[in-house]
Amino acid sequence: MSDNATGLSSRNRRPYKSLRQKSYIAYAALIAYAIFLSAFILYEKQVLFEQFNKVQSAYDTEARLREVDLSIRYALEAQVAALNRVFPGRGVAHARDHIRLLQDIFEEMLAGRISVRPELAGLRAAMATAYAEPTQQNLGALQRKLGRLSSDTEARLARSSKRRNALVEDFRVRSDTVATTALLLGLLGLALFGTINVLFFRRLTGDVQALRRRTDEILEGRRGVPIPVARNDELGQLIQSINHMASELEKHEEALEIERRKQFHQEKMAAIGTLAAGIAHEVGNPIAAICALVEEIKRTKLTGGCPYIDETDMCNLEMVLRHAERLRGITQEISGLSRAESDEYQLLDLNAMIRSTCRLMRYDSRWKGVELVLDLDNDLPALSAIGDQLTQVTMNLLVNGVDALEGLEGRAPTIDVSTTVTQQGICMAVRDNGCGMDKKTLTHAIDTFYTTKTTEKGTGLGLSLCQSIVKAHHGWLEIESTLGVGTIAKVFLPLDGRHDNQGTG
Ligand SMILES: Nc1ncnc2c1ncn2[C@@H]1O[C@H](COP(=O)(O)OP(=O)(O)OP(=O)(O)O)[C@@H](O)[C@H]1O
Ligand SMILES: [Mg+2]
């Protein structure tokens, strides 16, 4: 199956992929995309959750720090109040109560796990000193420590608040981005899948419609041009098969047409033969009567009758008789040639057949001036063949030869018919010294309907018919030709008697 006939281009020689495989691939791609999208959303959700936790913990830290700040302020106020009251006479015990209160506050702070760094150690030492000796100086030192801790906590609170704000902003931006990206990815996937779907089905329906149009064309008897196959699936295979079917149908129809025309040609020849035989028969009777009458007149004259016929008349009568006999010979040749012969293989004297065919052909006016040389092998064995068909072959070759001699100048037109026995069987050769053939003509000479002659003169069926007949006899035909020198057509017929008892027509 040629690529041209099947519509297959080299671009389309991709590995076969069925429609089912394609649907699986599309389904798998869709699932993969959904998995990717889900993984992306889950991952981002996890990241957002962690950010949320950080924000939450920042809030907690901040709340703790506020508590701490409040406690320190309270402690400071209590300390200031204590300082104001210790020495005006409220006693050491009162000061110690306050310091214990402070210790409780800080224990609570520690329980809340707020890191108040090493200052706490210094504060503890200051509290212990003030508790042991609640002097003005020691209480003052404790107050300074509390003041430093308070401003430290405030600074940390400010930092924490700033970090928390940044975290909240991060969280907001990221959640916005995630929502937008997820939405866009979803829409993009949908658009991509939808577009692929639309393109796929549009192409599919386009190809199916082209296929339907093509089958309609084939049904209507128009072969058209093959559909180019651009698919590698079941539909592509179907298109290829339809293209192949159309080209096979075309070839088949061509072969049938050739056979029909050959048949017509042969029937036409047979009809002409029958007509010629009829005419020959009709002409033969008056000729026979003329001959008989002339003979009778001659006989009467010889026996002394017909005194009014002189010598000159006798000469004329002799001439009439000669021409009439010649005419009788021609009619007999025509009758003999057109006599319906069996279309079965019979033993044939090829030389005799050639002789009678040549004799008949010579009545054609075109043979005037053509030298016909018969070089026939007398030891030629009888050949099993269909006589009618081999006569047709010989006539076709002789007509081709005489056509080629038309208008020949510079040498005597000659046709040479020879027979020889070769290793492969019998060879009959018809050689002419006519115009010969150029390369193109020689290449196509045997092709059906190939002719260089005018429509009145040639149909291009002669050599093609010869080829069919010779092939049916299990032989072959060879043509050798040189432009301007001449042509030789050789028919090889095997002697082994292989045949299936049926000819070409
Ligand atoms: N002896 C020859 N010399 C030169 N050319 C020849 C000879 N025999 C055949 N050809 C060339 O081959 C062509 C095909 O020959 P073929 O006998 O098949 O057809 P045709 O003679 O053209 O027509 P048809 O025989 O059907 O009346 C001829 O037209 C002619 O050009
Ligand atoms: Mg011919």
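1. The model is predicted: local features need pLDDT of at least 70 and side-chain atom pairs pLDDT 80 or more, while totals for chains, interfaces and linings use all residues. Residues are numbered from 1 along each chain as its sequence is written, chains are lettered from A and ligands numbered from 1 in the order in which they are written, and side-chain values use heavy atoms, leaving out hydrogens and water.

2. Serine 175 belongs to helix α5 (residues 136–219); helices (H or I, at least four residues) and strands (E, at least two) are DSSP runs, numbered from the N terminus. Its side chain lies 2.9 Å from the backbone oxygen of arginine 172. This is a polar contact, that is, a pair of N or O atoms within 3.5 Å; within protein, one must be able to donate a hydrogen and the other to accept it, and residues adjacent in sequence count only if both atoms are side-chain atoms. Valine 47 is 128 residues from serine 175 in sequence, yet their C-alpha atoms are 9.6 Å apart.

3. Around ligand 1 there are 19 residues, the closest being Thr451, Thr452, Lys453, Thr459 and Leu461; a residue is included if one of its heavy atoms lies within 4 Å of the ligand. Oxygen atoms of ligand 1 lie 2.9 Å from a polar side-chain atom of asparagine 400, 3.1 Å from a polar backbone atom of glycine 462 and 2.9 Å from a polar backbone atom of leucine 463. The protein buries 91% of the 590 Å² that ligand 1 exposes when taken alone (Shrake-Rupley method, 1.4 Å probe). Helices α9 (387–404) and α11 (462–472) each give two or more residues to this shell.

4. Strand β2 (residues 371–375) runs parallel to strand β4 (residues 414–422), with 5 bridges between them; two strands pair if DSSP finds at least two bridges. Valine 373 is placed opposite aspartate 416 of β4. Threonine 422 has glycine 425 in β5 as its bridge partner.

5. Cysteine 358 is buried, with a relative accessible area of 2%, and cysteine 466 is buried at 1%. The disulfide count is 0, a disulfide being a pair of cysteine sulfur atoms within 2.5 Å.

Terms used. Buried means under 20% relative accessible area, exposed over 50%, partly exposed in between (1.4 Å probe, protein chains only).
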